[in-house]
Amino acid sequence: MTAGNDFDPALDQPTLFSARVTPHRSLNRTGFLVLMAFISAVSFVAGIAFLLMGAWPVLGLFGLDVLVIYWAFRINFRSAAATEDIVMTPSELRVRRVSHRGDVMEWTLNPLWVQLEQTGDPEFGIERLYLVSRGRRVSIGYFLGPDEKASFAKALLAALQIAKRGITYNPVA
């Protein structure tokens with residue numbers, strides 16, 4: 001067999017559903033810099049006021065507070081690197097999760113056997129989404145809010161219905 005002649009039936013199939021889910025971060029880099037400049041300025045002014053009153057150790061504590069806030073935001077931004085990819089063709093449903101550390105976990109399921117399970121609260125909305133197939137339960141859409149989970153679940157259910165019904169090919173188009 002020569003290279004390039006490998007047959008992969010998944011390559012010839014249409015994609016019924018494809019989504020990349022990432023954690024939402026409302027503060028971008030510019031906003032972070034502005035916020036840190038503001039916190040630093042307020043801490044510096046307050047620290048100087050305490051220094052002039054004779055409480056000089058407080059100036060160092062204000063500097064330590066700025067460093068702790070900066071450290072917390074850096075950890076928060078690092079966790080935003082996590083992603084979850086969900087791709088469905090008529091013969092397979094792939095879930096690929098990459099953690100913020102770069103650890104990769106993949107699941108491949110048959111869309112004909114997959115059920116979408118939702119848990120939630122009537123007041124709050126959908127809290128968790130699970131793909132359930134043959135005793136396996138995979139949590140998806142962890143980063144999404146309740147309204148986004150509802151929209152995501154609706155689109156995924158529609159794609160699952162298409163996969164279960166079967167693809168209809170239109171030779172005219």
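Helix α1 spans residues 29-52 and contains Phe 38. In this predicted model, Phe 38 has a relative accessibility of 55%, so the residue counts as exposed, the cut-off being over 50%. The C-alpha atom of Phe 38 is separated by 33 Å from that of Pro 146, which is 108 residues away along the chain.

Phe 32 also lies in helix α1. With a relative accessibility of 3%, Phe 32 counts as buried.

**Aromatic pairs**

The model has seven aromatic pairs. One of them joins Phe 32 and Phe 77 in an edge-to-face arrangement, with 5.2 Å from centre to centre and 90° between the planes. Phe 77 belongs to helix α2 (residues 57-79) and Phe 32 to helix α1, so this pair ties together parts that are 45 residues apart in sequence. Phe 77 has a relative accessible area of 23% and is partly exposed.

Phe 77 also pairs with Phe 73; the ring centres are 6.3 Å apart and the planes are at 35°, so this pair is tilted. Both residues lie in helix α2, four residues apart, which is about one turn of the helix. Phe 73 is partly exposed as well, at 21% relative accessible area. Ring pairs link Phe 32, Phe 73, Phe 77 and Tyr 70 into a cluster.

**Charges over rings**

| Charged residue | Ring | Distance from ring centre |
|---|---|---|
| Arg 134 | Trp 113 | 4.7 Å |
| Arg 137 | Tyr 130 | 3.8 Å |

In the second, the charged end of Arg 137 sits over the ring of Tyr 130.

**The sheet**

Strands of a sheet pair through backbone hydrogen bonds, in either a parallel or an antiparallel sense. Here four strands make an open sheet with antiparallel pairing, in the order β1-β2-β3-β4. At the edges are β1 (17-21) and β4 (104-109), each of which pairs on one side only. On average, neighbouring strands of the sheet are turned by 5° against each other, direction ignored.

Between β1 and β2 (residues 83-88) there are five bridges, in the antiparallel sense. Within this part of the sheet, Phe 17 stands opposite Met 88 in β2. Helix α3 (residues 146-165) packs on the sheet and touches β1 and β2. The direction of helix α3 makes about 150° with that of β1.

Note on methods: Residues numbered from 1 in each chain as written. Predicted model: local features only at pLDDT ≥ 70, side-chain atom pairs only at ≥ 80, totals over all residues. Heavy atoms only, no water. Pairing = 2+ DSSP bridges. Helix = DSSP H or I, 4+ residues; strand = E, 2+ residues; numbered from the N terminus. Axes fitted to C-alpha atoms, helices over the stretch in contact; angles between N-to-C directions. Contact = heavy atoms within 4.5 Å. Buried < 20%, exposed > 50% of the residue type's maximum accessible area, 1.4 Å probe, protein only. Phe/Tyr/Trp six-rings, centres within 6.5 Å; stacked < 30°, edge-to-face > 60°. Lys NZ or Arg CZ within 6 Å of the ring centre and 35° of its normal.
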